[in-house]
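Biologist: I have the model open beside the sequence and would like to go through it with you. Could you bring it up on your side too?

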Amino acid sequence: MRNTDADNGELKSGLSLVISIILIYSVFTVTGIGCPIKFLTGVSCAGCGMTRATVALLEGRYRAAFHYHPLVLLPYIALILYLFRKRFSERIRRAMLIAIVVLFLAVYLYRLLYADQDIVVFEPEKGAVFRILSYFFTLFTK
């Protein structure tokens, strides 16, 4: 199989995406924001616990990794599938994407509604949007 300029461009694009995600995450970590969704809304996102799960996985603490997020391997599988997406038909790619989204939503809803843990939280009163709106509400109601 021959390497073309288009293949090299796609590889660079995928690599740029990964580097961008790492840089953005680093900025959020350094500024203390962490997850921007949780920071803004006070509600954990569907990927909550994924960073801790990845660190635990790299340290060989598999039980802890799956406790932090049971789908810890899925983003890496999705990345591999994305990098080799030309080997799959559009129908297969779409089915895999739908399956990934459904799995994340199912696990997220379960963890949000039923799990007895502190990883996924629903505390909108701690979100920046709620605090800003509360501040303005108190200004205008005095």
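Biologist: Which residues make up the largest nonpolar core?
Modeller: In this predicted model, the largest nonpolar core has 11 residues in all, namely Met50, Ala53, Ala56, Leu57, Ala65, Leu71, Val72, Leu74, Ile100, Phe104 and Val107.

Biologist: And which helix gives the most to this core?
Modeller: That is α3, with four residues; α3, which spans 50-58, and α6 each supply at least two residues of this core.

Biologist: What does Leu57 touch, not counting residues up to four places away in sequence?
Modeller: With those sequence neighbours left out, Leu57 touches Tyr62, Ala65, Val72 and Leu73, and of these Ala65 and Val72 are listed, like Leu57 itself, in the largest nonpolar core.

Biologist: How many residues are in the other core, the one lying apart from it?
Modeller: That other core is of five residues, among them Val43, Tyr108, Ile119 and Val120.

Biologist: Let's turn to Arg111. Is Arg111 buried or exposed?
Modeller: Arg111, which lies in helix α6, residues 90-113, has a relative accessible area of 5%, and because the cut-off for buried is under 20%, Arg111 counts as buried.

Biologist: Which backbone oxygen lies 3.1 Å from a polar atom of the side chain of Arg111?
Modeller: It is the backbone oxygen of Cys48 that lies 3.1 Å from a polar atom of the Arg111 side chain.

Biologist: Now the charges. How many salt bridges does the count come to?
Modeller: The count comes to four salt bridges. One of them joins Arg93 and Glu90, with the closest N and O atoms 2.5 Å apart, and the side chains of Arg94 and Glu90 meet in another, at 3.0 Å from N to O.

Biologist: Why are Arg93 and Glu90 separated by about one helical turn?
Modeller: Because Arg93 and Glu90 are three residues apart in helix α6, about one helical turn separates them. Arg94 and Glu90 also both lie in helix α6, but four residues apart, which is again about one turn of the helix. Salt bridges that share partners join Glu90, Arg93 and Arg94 into one network.

Biologist: What are the relative accessible areas of Arg93 and Glu90?
Modeller: Arg93 is partly exposed, with a relative accessible area of 28%, and Glu90 is partly exposed as well, with a value of 42%.

Biologist: And which residue forms a salt bridge with Lys126?
Modeller: Glu123 forms a salt bridge with Lys126, the closest N and O atoms being 3.6 Å apart, and at 26% relative accessibility Glu123 counts as partly exposed.

Biologist: How far apart are Ser20 and Lys126, C-alpha to C-alpha?
Modeller: Ser20 and Lys126 are 28 Å apart in space, C-alpha to C-alpha, and 106 residues apart in sequence. Ser20 lies in helix α1, residues 5-31, and is partly exposed, with a relative accessible area of 36%.

Biologist: One last topic, the surface. Which residues make the nonpolar patch of about 440 Å²?
Modeller: That surface patch is made by Leu11, Leu79, Ile80, Leu83 and Phe84, and the largest share, three residues, comes from helix α5, residues 74-83. Leu83 is found in helix α5 and is partly exposed, with a relative accessible area of 39%.

How values were computed. Residues are numbered from 1 along each chain as its sequence is written. This is a predicted model: local features need pLDDT of at least 70, side-chain atom pairs count only at pLDDT 80 or more; totals for chains, interfaces and linings use all residues. Side-chain values use heavy atoms; hydrogens and water are left out. Buried means under 20% relative accessible area, exposed over 50%, partly exposed in between (1.4 Å probe, protein chains only). A polar contact is a pair of N or O atoms within 3.5 Å; within protein, one must be able to donate a hydrogen and the other to accept it, and residues adjacent in sequence count only if both atoms are side-chain atoms. Patches are made of residues with over 30% relative accessible area and no salt bridge: like charges are joined within 9 Å, nonpolar side chains (Val, Leu, Ile, Met, Phe, Trp, Tyr) within 5 Å. Accessible areas come from the Shrake-Rupley method with a 1.4 Å probe; for residues, only the protein chains shown count as cover. A nonpolar core is a set of buried Ala, Val, Leu, Ile, Met, Phe, Trp, Tyr and Cys residues joined through side-chain atoms within 4.5 Å. Contact means heavy atoms within 4.5 Å.
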